[in-house]
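The exercises below concern a single protein chain and are to be worked with the sequence and the coordinates at hand. Each task is followed by a solution in steps.

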Amino acid sequence: MKKTYTKLAGAVAVLACFASGPALAQAGAYPSKPVRLVVGYAPGGTTDISARMIADVLGKEFGQTFVVENKPGANSNIGAESVARSAPDGYTLFVGSISTAINQSLYSKMSYDALKDLDAVALLNVVPNILAVNASVPVKTVQEYIDYAKKNPGKLTCASPGNGSSAHLGCELFKMKTGIDILHVPYRGSGPAVADLLGGQVDSIFDNLPPLLPHVRAGKLTGLAVTTGSRVPFAPEIPTIAESGVPGFDVAAWFGLFAPAGTPPEIVQKVNAAVNKALTSDAALAASYQTNGFLMPPPPNTPQAFKAFMESETRKWGEVVKATNLQIN
């Protein structure tokens, strides 16, 4: 039986080599010209920072130019669709985020399907979110926040950097799991949301941890908990929401690399290998991640694992969107 299996496997391998010859040749020469990394947001945001970091290391690895192109609009849908409609040759890639998964159910009309029209290449990084409150709010823990909200239904306000963001959906998931009534206040970005939180115009916020951490450590804000399933290395003093009375709560922003569907698997694998090499051995990239509060993606960071993760995230947030009747037309 073992010999039969070995012979069969060998035959399949030989056939695969003949079948994939042109693709292998294409992958061997790749990239022979500049590669575009499309970002669905304006320059300066976390997605853009992630794209520029990886563009730099991929450029060095391949000895070719990787150009970041910003196509903002519709919570990254404009950029994503442009890549989904591009030639599947590896020369146009998309730097997506958790919004790429959320948008599939959040928008009532979608002109592309991220799961069908984009191929997962590699997860780039994970960014933890935090639940923080203005220092004047009389709570110091998640449980105190929940108790205060239940005693004062509809009184607490919770800011986020925008409708459909991971912070917004994290807030909605928190409301679902705790049964509290708090008012979500969306902003156009983290800057104005944090400014109003510091000024006392809103009581609390769900947002990326890195820009809020300095205010927490300065005592201007109270950091109640991070949203990830485990504590984060660069702020181990802050507990998780899960360990603070909401078991199973695990939310983080994430950023990943996608290609148009139908891109030769050999090219996808080649880019994935280059990304993983940079993540595991590039000291400058590791230092930049630490500076920006990024976490390395969990292993295995294969295209298959990233695809499964993307499918899981799409289902997860689809359930939240449905349960909370969130919809953008």
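Predicted model: local features only at pLDDT ≥ 70, side-chain atom pairs only at ≥ 80, totals over all residues.

**Exercise 1. Classify the ring pair formed by phenylalanine 94 and phenylalanine 258, and locate both residues in the chain.**

Step 1. A pair of aromatic rings is described by the distance of the centres and the angle of the planes.

Step 2. The ring centres of phenylalanine 94 and phenylalanine 258 are 6.3 Å apart, and their planes meet at 40°. Planes under 30 degrees apart would count as stacked and those over 60 as edge-to-face, so this pair is tilted.

Step 3. Phenylalanine 94 belongs to strand β3 (residues 92-97) and phenylalanine 258 to strand β9 (residues 252-260); the pair thus links distant parts of the chain, 164 residues apart.

Step 4. Phenylalanine 94 has a relative accessible area of 1% and is buried. Phenylalanine 258 is likewise buried, at 1% relative accessibility.

**Exercise 2. Determine the geometry of the pair of tryptophan 254 and phenylalanine 306, and state which aromatic cluster includes them.**

Step 1. The centres are 5.9 Å apart and the planes stand at 90°, an edge-to-face arrangement.

Step 2. Tryptophan 254 is in strand β9, while phenylalanine 306 is in helix α13 (residues 303-324); the pair therefore ties together parts separated by 52 residues in sequence.

Step 3. Both tryptophan 254 and phenylalanine 306 are buried.

Step 4. One aromatic cluster is formed by Phe94, Trp254, Phe258, Phe306 and Phe309.

**Exercise 3. Explain how the buried residues of helix α10 are arranged around its axis, and identify elements that cover them.**

Step 1. Helix α10 spans residues 209-217, and Leu209, Leu212, Leu213 and Val216 are buried in it.

Step 2. An α-helix has 3.6 residues a turn, so residues three or four places apart point the same way.

Step 3. The cover over the buried residues of α10 includes β4, α9 (190-199), β7 (204-208) and β8.

Step 4. Of these covering elements, strand β4 (residues 118-134) and β8 are joined by 5 bridges and run antiparallel. Alanine 132 is opposite glycine 223 in β8.

Step 5. Strand β8 (residues 221-226) is itself mostly covered, with 6 of its 6 residues buried.

Step 6. Just after α10, glycine 219 adopts a positive phi of about 85°.

**Exercise 4. Describe the surroundings of isoleucine 146.**

Step 1. Isoleucine 146 is part of helix α7 (residues 142-151).

Step 2. Its relative accessible area is 5%; because buried means under 20%, isoleucine 146 is buried.

Step 3. Beyond neighbours within four places in sequence, isoleucine 146 is in contact with Phe174, Thr178, Ile180 and Val246.

**Exercise 5. Is serine 165 buried or exposed, and which residues does it contact?**

Step 1. Serine 165 is found in the loop between β5 (157-160) and α8 (166-178).

Step 2. With a relative accessible area of 14%, serine 165 is buried.

Step 3. A polar atom of the serine 165 side chain lies 2.8 Å from the backbone oxygen of glycine 162.

Step 4. With neighbours within four places in sequence set aside, serine 165 is in contact with Ile102 and Ser160.

Notes: Residues numbered from 1 in each chain as written. Heavy atoms only, no water. Helix = DSSP H or I, 4+ residues; strand = E, 2+ residues; numbered from the N terminus. Buried < 20%, exposed > 50% of the residue type's maximum accessible area, 1.4 Å probe, protein only. Polar contact = N/O pair within 3.5 Å; in protein donor to acceptor, adjacent residues only side chain to side chain. Contact = heavy atoms within 4.5 Å. Phe/Tyr/Trp six-rings, centres within 6.5 Å; stacked < 30°, edge-to-face > 60°. Pairing = 2+ DSSP bridges. Arc of directions from axis to C-beta.
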